[in-house]
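Please look over the protein shown here.

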Amino acid sequence: MAENTRSLRRRLDRLFIPLTVGPTVLWIAGVILYPTLQLLWSSLFYTNPITQEKQFVGLDNFASLIFENGTVGALNPDLVQFTKHTLVYVGCSVTISFLLGLGIAMLLNKDLKGRGWIRTAVIVPWILPYVMSGLMWRWMFQTQYGAINGVLVGGGVISEQIPFLSDGTLAMMALIIADVWVFTPFIIIILLAGLQNVPEQLYDAAEVDGASRWSRFWNVTYPFLKPSILVALTIRIIFDIRALDLVWVMTHGGPGKSTEVWASWLYRTAMVFGDTGQGAALGVVMLAVTFAVVAVLYKVFGGTPYET
Amino acid sequence: MSTKTDTLSRVRRSLNLNTEDEWSSVVRDRMVAYGLLALYVVVVWFPIYYILITSFKAPSETLSFPITFYPHDPTLSNYVEIFQNRPFGTYTLNSLIVAGTTTLICVTLGTLSGYTFSRYDFLGNKALLLSIIAARMIPPIALIVPFFEIMSNPPVIGALTGSLYNTKAALILTYTFFNLPFAVWIMKNYFDGVPRSLDEQAQVDGCSTWEGFFKVILPVAKPGIAATAILAFIFSWNEFVFALVLTSSEVSQTLPIGVSLFVADDFIDWAHLAAGGMIAALPGILFGLFFQRYIVSGLTQGAVKE
């Protein structure tokens with residue numbers, strides 16, 4: 001009896017690794033391999049939006065994505081325009097939220113009373129549903145009854161309400177503000193964790209040596225902060241390239257096409273117009289760009305981003 | 001933790017602040033820090049406050065100018081109406097089922113495999129772990145076409161289930177795909193911080209590997225599990241894009257979709273939308289206020305969000 005239980009236990013122990021890791025590995029192999037292969041496969045077909053019939057077209061989807069009329073020559077004007085929008089959106093909001101987040105993180109790193117409460121208050125925007133944040137900002141920017149116009153007109157700053165979301169440039173600006181609002185907490189948390197790795201004695205030593213604030217930041221803080229900066233920027237950038245939620249509910253890519261970015265373009269192409277092959281081709285391009293961006297950031301900041 | 005006076009005198013000594021002048025410049029620094037942080041918090045919370053008060057305003061007050069900064073005639077009717085005239089009860093239930101099930105799967109599988117990845121060298125363990133990180137890098141939006149196709153016409157299990165389009169199961173499967181790598185990563189890092197002497201002690205005490213894991217390691221891992229669970233729950237509760245692609249009716253639509261549907265109307269009913277938005281935002285606000293510690297530790301260990 002006892003002998004049997006022991007051998008059963010030994011057998012179960014031998015199976016510990018396969019039983020604990022197996023399900024996860026199978027599941028994740030599913031997410032890496034199967035949908036990615038399906039994506040590559042779908043990008044080679046034209047799907048009739050009405051009949052759902054598929055027709056093999058080779059690389060035609062990529063040709064029409066990159067070139068006007070799908071033949072080698074002038075670039076596809078949509079691609080050029082939406083790439084510009086994506087660059088402006090990602091570039092501005094990542095830069096602003098990074099600088100703002102760094103500033104707030106450095107303030108929070110001070111030995112302040114009530115720091116825990118401030119950190120709690122600061123984190124909340126990031127954990128609300130993006131849809132709700134997007135709609136909330138749409139309501140804030142609403143022309144007639146929105147709070148921003150309400151405050152500006154009420155405070156006598158402007159005399160007439162500004163239609164923020166009906167003007168291309170202003171709408172892009174509104175999207176960037178919303179995006180900064182949502183994602184600055186993320187930067188703050190990651191950078192604050194990095195700042196807490198800096199040994200305090202180093203600051204004291206630098207202070208005694210009479211180092212300026214700037215030189216203290218550059219020579220003491222920055223080297224310790226580099227891994228966290230890499231994590232924060234990588235994740236911010238790749239997330240912004242692919243984020244659809246805010247754009248979709250705030251502007252729908254409009255007015256006109258003035259806030260259409262890659263993510264909303266992909267969704268519109270594949271799901272609204274039903275051109276899944278073309279959408280998949282754009283998906284392949286986004287996948288490639290994401291990996292390229294990650295590779296460049298590693299080159300600049302070095303190391304693996306996951307070793308904070 | 002030193003007491004406040006200790007901290008102050010330590011700071012004072014270490015900074016070599018002997019004269020009152022130098023000392024007051026430190027105080028001034030601190031006041032500026034408080035001021036800037038307070039300003040930031042007020043600006044950041046204003047939109048949340050504004051949508052909150054909108055949810056308690058009568059629809060007519062929502063459309064008044066000059067705008068009001070508190071509900072002059074507070075009412076719960078917006079909340080009552082979205083549950084009566086719109087299926088917000090169903091949306092909430094769907095969200096709970098989808099986010100709850102996803103969390104359960106992610107925590108279970110993530111804890112088990114996170115532990116093994118942390119403790120054992122086995123064939124291909126490094127390659128597997130790297131693949132799991134790579135899975136985090138894949139932009140989900142790039143995969144909306146394959147996921148739509150796979151769920152509409154599932155391979156292998158499709159013979160049993162038929163199309164999974166517009167089912168909660170499709171959302172649970174998808175969210176688990178995206179959250180599990182994250183869960184594994186948080187738990188692996190968490191277990192890395194748990195001393196190995198605990199495992200050894202369990203073995204000396206005659207526990208099998210399984211017993212040691214369940215009786216000794218798991219209780220110690222509670223904070224890590226809490227972090228994983230909270231983040232997995234929030235991510236799946238908040239998810240919008242795949243819910244938009246994979247669902248089409250109340251059977252499976254979640255709260256974010258329910259809220260977004262207000263925009264499809266010709267006239268946006270802001271008061272009702274605000275009430276729906278607050279319902280959708282509730283877990284985020286509550287978790288943020290009460291479990292911030294776990295969210296931060298999970299984030300800095302996993303450093304990623306969908």
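What follows covers a helix, its partner and a residue in another chain.

This is a predicted model, in which local features need pLDDT of at least 70, side-chain atom pairs count only at pLDDT 80 or more, and totals for chains, interfaces and linings use all residues. Residues are numbered from 1 along each chain as its sequence is written, chains are lettered from A and ligands numbered from 1 in the order in which they are written, and side-chain values use heavy atoms, leaving out hydrogens and water.

Start with helix H12 of chain A, residues 262-272. Helices here are DSSP runs of H or I with at least four residues, numbered from the N terminus. Nine of the eleven residues in H12(A) are buried (under 20% relative accessible area, 1.4 Å probe, protein chains only). Among them are Trp262(A), Tyr267(A) and Arg268(A). Gly274(A) follows H12(A) and has a positive phi, near 70°.

H12(A) packs against helix H13(A), residues 276-301.

| Feature of the H12(A)–H13(A) pair | Value |
|---|---|
| Packing angle | about 155° |
| Distance between axes | 7 Å |

The axes are lines fitted to C-alpha atoms over the stretch in contact, and angles run from 0 to 180 degrees between N-to-C directions. The two helices are therefore roughly antiparallel (over 145 degrees).

Now turn to chain B. Thr62(B) lies in helix H3(B), residues 59-62. Thr62(B) counts as buried because its relative accessibility is 5%. Beyond its neighbours within four places in sequence, Thr62(B) is in contact (heavy atoms within 4.5 Å) with residues including Trp139(A), Tyr145(A) and Trp270(B).

Definitions and conventions. Buried means under 20% relative accessible area, exposed over 50%, partly exposed in between (1.4 Å probe, protein chains only). Angles under 35 degrees count as roughly parallel, over 145 as roughly antiparallel, 65 to 115 as roughly perpendicular and the rest as oblique.
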